[in-house]
Amino acid sequence: MSERPYTAEQVDAAVREISEPGRLRRAEEVVTHAVPNLQKIIDSALHDGGWFSQGHEQQVAQAAGEADLAARRARMEGLIAEESRLAMLVGVTVGFALARELAAPGTAAAEADAETTE
């Protein structure tokens, strides 16, 4: 994987390409296989980043204890949306790192790939 920076136009073009039907099928197969280990990495990053800190727990408790049903629902939806965005960003970061690791010569992943092609 290239270490060069990508332009916004390159990223936009790549996103359009992977948005086409069927383009993600192989990636979905790979990710499905790796889900347990990827989940551990994402959980660790969220914990290390302080997302599940005492402050977050307090926000969840306050939202859950909200007397007004509409306000409680809005606060809970906000917390879920925030957690989803953060998990997505961590997931993309892990995806970049995983792609780099898979493409790097001399890594365990590249050596395993070389063994299967021989």
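Which helices each supply at least two residues of the lining of the second largest pocket? Select α2 and α4: each supplies at least two. Helices here are DSSP runs (H or I, at least four residues), numbered from the N terminus.

This is a predicted model: local features need pLDDT of at least 70, side-chain atom pairs count only at pLDDT 80 or more, and totals for chains, interfaces and linings use all residues. Residues are numbered from 1 along each chain as its sequence is written, and side-chain values use heavy atoms, without hydrogens and water.

**Stop 1: the second largest pocket.** Its volume is about 200 Å³. A pocket is an open set of points on a 1 Å grid over the protein atoms alone, where a 1.4 Å probe fits, with protein on both sides within 12 Å along at least five of seven lines; lining residues have an atom within 4 Å of a point. Volume is the space filled by probe spheres set on the points, which are joined across faces, edges and corners. Select the lining, including His33, Asn37 and Leu98. α2 gives the most, 6 residues.

**Stop 2: the largest pocket.** Its volume is about 860 Å³. Now pick Ile18, Ala27, Gly95, Phe96 and Ala99, the closest to its centre of the 24 lining residues. Colour α1 (8-18), α2 (25-48) and α4 (69-103): each supplies at least two lining residues. The largest share, 8 residues, comes from α4.

**Stop 3: His56.** Find His56 in helix α3 (residues 54-64). His56 counts as buried because its relative accessibility is 9%, and buried means under 20% relative accessible area (1.4 Å probe, protein chains only). Show Trp51 and Glu83 too: His56 touches both, not counting residues up to four places away in sequence. Contact means heavy atoms within 4.5 Å.

Key. Buried means under 20% relative accessible area, exposed over 50%, partly exposed in between (1.4 Å probe, protein chains only).
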